Amino acid sequence: MAARGLVHGPIGEHTLHICVDMQRLFGPEGPWAVPWAEKVLPLIEELAARHSSRTLFTRFVPAQREGEAPGMWAKYYKRWANVTLENMDPGFVDLLPTLARLAPPAKVLDKKVYSPWTDGQLDAMLRGSDINTLVITGGETDVCVLATVLGAVDRGYRVVLVADAICSSADNTHDALMELYTNRFSEQVEAVSMEEVLANWPE
């Protein structure tokens, strides 16, 4: 699905770029490698470098060990025991190197589930700020990006989803989610190209 553009006009100064889970965990050598991550990385790096003080990187942090996580997450880590912190190189949690160099001034938020909103950290960071717009990049389109977008929509933020700077390990569900974002959430999610974001968000 093609990007629809900035239907609500240029991006204002009260904007935060949230880059979702662009970590070594999902990089080419990681246990959950996302093939498209390398393709979108240069675009994300350019945006984050231009607006480093207005960028927040989220990181997905797996459970320490199998059986430690609550509820159905315990079954999840039984399936993915090799991706618990005790069984993998903990350095896989790190951001991809070209992004890690930007933090600080960019901020980093760690989370144990798909959504960055669940434990209240992100709400606390944004509370009292002037942020009313979230520009979202990263991965995966159909998992953690989805959770990030829906939380932002529920809280009333303007959501600008950079269509050529998000990725998934599954092309069919990436495409399905782009349909969802641009059709079912057409009033609340603006799917745009990185070129349009860079041209419409002043440094």
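## Exercises on a predicted fold

Thr141 sits in the loop between strand 4 and helix 5. The model is predicted.

**Exercise 1.** Determine whether Thr141 is buried or exposed, and which side chain it joins in a polar contact.

*Solution.* 
- Start with the accessible area. For Thr141 the relative value is 0%.
- Apply the cut-off: buried means under 20%. Thr141 is therefore buried.
- Next, look for a polar partner. The side chains of Thr141 and His174 are joined by a polar contact of 2.7 Å.
- Finally, list the surroundings, leaving aside neighbours within four places in sequence. Thr141 is in contact with Leu146, Ile166, Cys167, Ser168, His174, Leu177, Met178 and Tyr181.

**Exercise 2.** Work out the strand order of the open sheet, and find which strands stand at the edges.

*Solution.* 
- The sheet has six strands, in the order 3-2-1-4-5-6, and the pairing is parallel.
- Read off the ends of that order. Strand 3 (107–111) and strand 6 (189–192) each have a single partner strand, so one side of each lacks a neighbour in the sheet.
- On average, neighbouring strands are turned by 25° against each other, direction ignored.
- Strand 5 (residues 158–167) runs parallel to strand 6 and is joined to it by four bridges. Val162 stands opposite Val192 in strand 6.

**Exercise 3.** State which strands helix 5 and helix 6 lie across, and at what angles they run.

*Solution.* 
- Helix 5 (residues 144–154) lies across strands 1, 3, 4, 5 and 6. Its angle to strand 4 is about 170°.
- Helix 6 (residues 171–184) lies across strand 5 and strand 6. Its angle to strand 5 is about 160°.

**Exercise 4.** Give the helix and strand content of the annotated domain.

*Solution.* 
- An unreviewed UniProt entry annotates residues 15–188 as "domain: Isochorismatase-like".
- Over residues 15–188 the chain is 33% helix and 20% strand. The end C-alpha atoms are 15 Å apart.

Conventions: Residues are numbered from 1 along each chain as its sequence is written. This is a predicted model: local features need pLDDT of at least 70, side-chain atom pairs count only at pLDDT 80 or more; totals for chains, interfaces and linings use all residues. Side-chain values use heavy atoms; hydrogens and water are left out. Two strands pair if DSSP finds at least two bridges between them. Helices (H or I, at least four residues) and strands (E, at least two) are DSSP runs, numbered from the N terminus. Axes are lines fitted to C-alpha atoms, for helices over the stretch in contact, and angles run from 0 to 180 degrees between N-to-C directions. Contact means heavy atoms within 4.5 Å. UniProt positions are given in the numbering used here, feature names are shortened, and annotations may be inferred rather than shown by experiment. Buried means under 20% relative accessible area, exposed over 50%, partly exposed in between (1.4 Å probe, protein chains only). A polar contact is a pair of N or O atoms within 3.5 Å; within protein, one must be able to donate a hydrogen and the other to accept it, and residues adjacent in sequence count only if both atoms are side-chain atoms.
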